[in-house]
Amino acid sequence: MENKYDVIILGGGPAGLTAGIYLSRSDINTVILNEGITGGQMSLTHKIANYPGSPDVSGYMLSRTMQKQAESFGCKVLSNVKISDYDFMGDEKKIKTERRGTFISKAVIIASGGKSRELKVPGEKEFAGKGISYCATCDGGFFRDKEIIVVGGGNSALEEAVALTQYASKITVVHEFDYFQAHKKAVEEAKNHPKIEFILNSTISAFYGSMSLEKAVVKNLKTGQEYDMKIDGVFIFIGYVPQTKPFKSILSLNKRDEIIVNENMMTNIPGIFAAGDCTAKRYRQITTAVSDGTIAALNVIEYIQNQL
Amino acid sequence: MTLDTNLDHISSEAQYYEILEKNENVMICCGRMGPMCVPVFAEMEDLREEYPHIKFYDMLFDLPDAKVIRNLPECAGFMGLPFTVYYKNGKVVKATSSIQSRDQITEILNEQFS
């Protein structure tokens with residue numbers, strides 16, 4: 001089965017959905033192939049305080065709104081698509097999927113985003129869903145009046161720590177440095193919250209329990225000293241890794257496996273563009289992903305017109 | 001109250017027991033329309049064609065009657081949505097907590113219901 005489009009967008013996060021909105025609105029026949037669900041990492045955020053025009057919107061709702069907006073202009077959005085092969089050479093770009101046939105287009109925008117970084121320590125996989133979580137919105141309610149740890153020191157970690165205070169009786173933020181990467185306001189809000197405490201220069205080296213998580217081993221990174229901490233739950237927000245593994249042998253990536261693009265979001269292959277968290281850049285925000293998606297879409301339109 | 005999916009929904013305790021009594025192989029995903037649950041619902045929708053001998057259902061986690069799943073001994077210690085439970089002849093044969101990939105789900109389906 002062949003599915004022909006003008007543009008294929010890989011990924012349905014804010015970058016991909018924005019590109020879908022711009023392209024479809026310009027009557028460019030566009031499909032978004034999403035290996036996960038719409039929204040990407042954005043959908044895991046409990047409350048987004050800094051998205052212009054939508055104060056305190058949930059990540060999940062913003063994702064749904066962006067998808068509806070893209071679909072209203074005719075963009076097709078397919079979720080849970082399993083991609084088996086990419087052929088980016090030549091004028092026709094081909095993407096083979098496991099159950100939906102081959103998709104062919106004139107141009108491709110890769111907006112594959114990132115996925116939550118794991119600690120990769122003993123017990124982490126075993127207790128995922130049994131005390132360890134990567135989504136405060138989804139699982140916060142299970143920790144009512146319980147003591148939990150939040151791992152991380154960026155915006156997500158500190159904002160979600162504050163959000164989790166509505167459930168947990170006590171939150172300990174464990175962070176590997178003695179300073180935070182989060183913006184000043186998030187740091188102040190967390191530091192001033194009576195339910196939140198901090199353990200700095202430290203990480204978690206193992207998790208233990210039986211039916212569910214019971215204990216985390218905290219390691220001081222300066223002294224090497226380890227000690228047990230009795231705990232009911234742990235939320236891990238230590239950043240993201242770019243989802244670019246399938247493109248390693250095809251596209252130019254940097255040492256962090258991020259796709260290298262120019263100011264027009266073009267990769268090293270003609271007709272292949274990239275946008276959002278999978279690209280090499282300094283700031284990773286929903287707003288910057290939206291910006292990337294816009295730039296990629298507008299340049300794709302020009303690229304297609306030049307091909308005629 | 002039901003979930004916004006294309007799956008068949010379970011909305012009461014009575015319906016739950018009736019389904020388990022009438023069907024040999026059943027998979028029920030109990031969750032919300034959240035980022036950890038939606039991918040599991042979507043996989044189940046896709047898997048219906050591939051596994052016609054299995055009945056796939058969802059149930060809204062917040063329904064009072066969803067206690068039949070929330071309180072299962074096999075779900076003790078679960079602290080991540082969704083709770084997904086697999087039944088053979090009315091008995092629980094497997095239960096998982098939190099998001100599961102297609103491969104993880106099909107591994108269980110093949111192991112328990114082949």
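User: Hello! How many residues of chain A are in contact with how many of chain B?

Analyst: Welcome! Here 21 residues of chain A are in contact with 16 residues of chain B, where contact means that the C-beta atoms, placed from the backbone, lie within 7 Å. Helix H3 (residues 136-139) of chain A gives the most to the side of chain A that touches chain B, with three residues. Helices (H or I, at least four residues) and strands (E, at least two) are DSSP runs, numbered from the N terminus. That side of chain A divides into eight nonpolar, 11 polar and two charged residues. Ala, Val, Leu, Ile, Met, Phe, Trp, Tyr, Cys and Pro count as nonpolar, Asp, Glu, Lys and Arg as charged, and the others, Gly among them, as polar.

User: Where do these coordinates come from?

Analyst: This is a predicted model, in which local features need pLDDT of at least 70, side-chain atom pairs count only at pLDDT 80 or more, and totals for chains, interfaces and linings use all residues. Residues are numbered from 1 along each chain as its sequence is written, while chains are lettered from A and ligands numbered from 1 in the order in which they are written. The model scores ipTM 0.85 and pTM 0.80.

User: How do I read the crossing of H1(A) and H6(A)?

Analyst: Start with the axes, which are lines fitted to C-alpha atoms, for helices over the stretch in contact; angles run from 0 to 180 degrees between N-to-C directions. The axes of H1(A) and helix H6 (residues 286-307) of chain A come within 7 Å and cross at roughly 40 degrees. That makes H1(A) oblique to H6(A); angles under 35 degrees count as roughly parallel, over 145 as roughly antiparallel, 65 to 115 as roughly perpendicular and the rest as oblique. The crossing is right-handed, meaning the near helix is turned clockwise from the far one by less than a right angle, with anticlockwise giving left-handed.

User: And which way does H1(A) pass H2(A)?

Analyst: H1(A) passes H2(A) in a left-handed crossing. The axes of helix H1 (residues 14-25) and helix H2 (residues 59-72) of chain A come within 8 Å and cross at roughly 25 degrees, so these helices are roughly parallel to each other.

User: What order do the strands of the open sheet take?

Analyst: Strands of a sheet pair through backbone hydrogen bonds, either parallel or antiparallel. Here three strands of chain A form an open sheet in the order S14-S15-S16, with antiparallel pairing; pairing requires that DSSP finds at least two bridges between two strands. Five bridges join strand S15 (residues 213-220) of chain A to S16(A).

Technical notes. Contact = placed C-beta atoms within 7 Å.
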